[in-house]
Amino acid sequence: MKALVIATLALLGSAAANAAEADQQALVQQGEYLARAGDCVACHTAKDGKPFAGGLPMETPIGVIYSTNITPDKTGIGDYSFEDFDKAVRHGVAKGGSTLYPAMPFPSYARVSDADMQALYAYFMKGVAPVARDNQDSDIPWPLSMRWPLSIWRWMFAPSVETPAPAAGSDPVISRGAYLVEGLGHCGACHTPRALTMQEKALSASGGSDFLSGSAPLEGWIAKSLRGDHKDGLGSWSEEQLVQFLKTGRSDRSAVFGGMSDVVVHSMQYMTDADLTAIARYLKSLPANDPKDQPHQYDKQVAQALWNGDDSKPGAAVYIDNCAACHRTDGHGYTRVFPALAGNPVLQSADATSLIHIVLKGGTLPATHSAPSTFTMPAFAWRLSDQEVADVVNFIRSSWGNQASAVKPGDVAALRNGDLQSTSNDDLGQVTSH
C-alpha cells in the first residue's frame, strides 16, 4: 500500500512538472509573439550581428546612440530580475538606476499589460540565445551625454505605467488595435511629431490631433501621417488594403520602403490576421486633421499630354526617361510591384524629403513569407543633377491630380551632400509609401 502511495505521488509530481513546463513553454511562445509585435529585433540587432545582441547605431538630434544587448548573457540582461526588466521596459530605468534614452520607447511601453510583461520576460530569458557582447557607449558629446538630466525628462514627460481600460461599449477590435499601436507597436515613436524637448506631442488618440500626424525628417526620411486625411494620410486606404500592406509590404496601390520595411519583415508579417485587422481598424478610426480634406480627384491632363508625346512640362522629360517604364505615364504604376504615384499620400506631404531621398538613393521592396518576390528601384543620384531631381519631384507632386508644394535644387543638394553620405541601403529611415 505504501509503495502504491509513493508511486501515485511520483506520478502526480511528474504530471505537475510536465504541466508547469508546458505552461512555461506557452508563456515563452506568447512572449516571442509579443516581441515580434514590438519589433524588438530590428533595433537591438546590428547589421550582420546576432539577434538581440545590440550595437545598432541610431541617429538622434544630439548624436548617435547604440542599442543594447538584451540577450540573457551577463553582458546583456542575464542577471535581470523581472522587476529589473519591468523597470527598464515600462519605466525607462536601467538596472544601475540611470534613465534610458527615450530612443527606447518606454513612454509607449508604459501601456503594456502586466501579463504581457511576464511573457516578454519569459521569452527573453528562456527563448533567446545568450550572446556575449558588451554595450557600446554613445557618441553624444559632453555635456549632452550626461545621464542625470534624462531623469528630469522622464519625470516631466513619461506617462504613468498603466494599461488603459477600454471605454464601455467600445469596439473590442479597435480597443485591441489601440493597445498594439499605442503600446507594443510604439508607432508614435516614429509617426508622431516631437516637441523641442524631444517628447512625442501625443502618446495616444486621446492626446489630440498631433498623434500619428507624421514626423520631422530623420536620416533623410519622414514617417508619414497615419491619420484619416486623403491627401497625406490614410483616408484613401480601406481596412483590407491596410491589412494587406502590413502583412506583405505591398498592396494594390503601394509598396513599402525605408525603415517601415524592417517593421514588415521583422514584425508585422508574423502577426495574426486578427491583430493586423485590429491595427488597421484602429488607424482607420483616426479622423483627418484637415477640415477641408477631400478624396483625391484624378486629373488625366498630364497622362494625355505624355501619351501624345508632349513632355514640355518641367520634369516631364526626366520622368519619361527614368520613371515611366515602371510607374507609367498615367501614374498608376503596377499592382503590388511598382506603387502608384497618382494620389499617393506619401508624395503629397508638406515635406518632400522622402521622395527626394528615394529618387537619389533608390530602394528595395523586401520579400515576405506571403509575398516572396523582391523589386528594386535604382538610385538616380549618379545620373541626375540637383535641378533634374527637383524638376522630376515637382512633376510627380503636381501631376495626375497630386497637389503639393514645390521643392528647390538646394533641397536636393542638402540631402545629397548630407544624409545620403551616412545612410546605407540596408539602414534606411522610417517611412512607408502608403
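Contact here means heavy atoms within 4.5 Å of each other. The model is a predicted one, in which local features need pLDDT of at least 70 and side-chain atom pairs count only at pLDDT 80 or more, while totals for chains, interfaces and linings use all residues. Residues are numbered from 1 along each chain as its sequence is written, and side-chain values use heavy atoms, with hydrogens and water left out.

Phe106 is found in helix 4 (residues 106-109); helices (H or I, at least four residues) and strands (E, at least two) are DSSP runs, numbered from the N terminus. Its relative accessible area of 1% makes Phe106 buried, where buried means under 20% relative accessible area, exposed over 50%, and partly exposed in between (1.4 Å probe, protein chains only). Val93 is 13 residues away from Phe106 along the chain, and the C-alpha atoms of the two are separated by 9.1 Å.

Two groups of annotated residues come next. For "binding site", an unreviewed UniProt entry lists Cys40, Cys43 and His44; UniProt positions are given in the numbering used here, feature names are shortened, and annotations may be inferred rather than shown by experiment. Cys43 is found in helix 2 and is partly exposed, with a relative accessible area of 32%. Apart from neighbours within four places in sequence, Cys43 is in contact with Leu56, Met58 and Ser67. His44 is found in the loop between helix 2 and strand 1 and is buried, at a relative accessible area of 14%. Its contacts, again apart from neighbours within four places in sequence, are Phe52, Ala53, Gly54, Ser67, Thr68 and Ile70. Phe52 itself lies in the loop between helix 2 (40-43) and strand 1 (57-60). Phe52 has a positive phi of about 70° although it is not a glycine, and it is buried, with a relative accessible area of 6%.

The "binding site" annotation of the unreviewed UniProt entry also covers Cys323, Cys326 and His327. The lining of the second largest pocket includes Cys323, Cys326 and His327. To find such spaces, a 1 Å grid is laid over the protein atoms alone: a cavity is a set of points where a 1.4 Å probe fits but cannot get out, a pocket is an open set with protein on both sides within 12 Å along at least five of seven lines, and lining residues have an atom within 4 Å of a point. About 460 Å³ of space lies in the second largest pocket, with grid points joined across faces, edges and corners and the volume taken as the space filled by probe spheres set on the points. The lining of this pocket has 29 residues, of which His327, Phe338, Pro339, Ile358 and Met377 lie nearest its centre. Helix 15 gives the most to the lining, with four residues.

His327 is found in helix 14 and is buried, with a relative accessible area of 12%. Not counting residues up to four places away in sequence, His327 touches Tyr319, His332, Gly333, Phe338, Pro339 and Leu341. Cys323 sits in the loop between helix 13 and helix 14 and is buried at 14% relative accessible area. With the residues up to four places away set aside, Cys323 touches Val318, Arg328 and Val392. Arg328 is partly exposed, at 28% relative accessibility, and its phi is near 70°, a positive value in a residue other than glycine.

The buried residues of helix 9 pack against helix 10 (260-266) and helix 11 (273-284). Helix 9 is followed by Gly249, whose phi is positive, near 80°.
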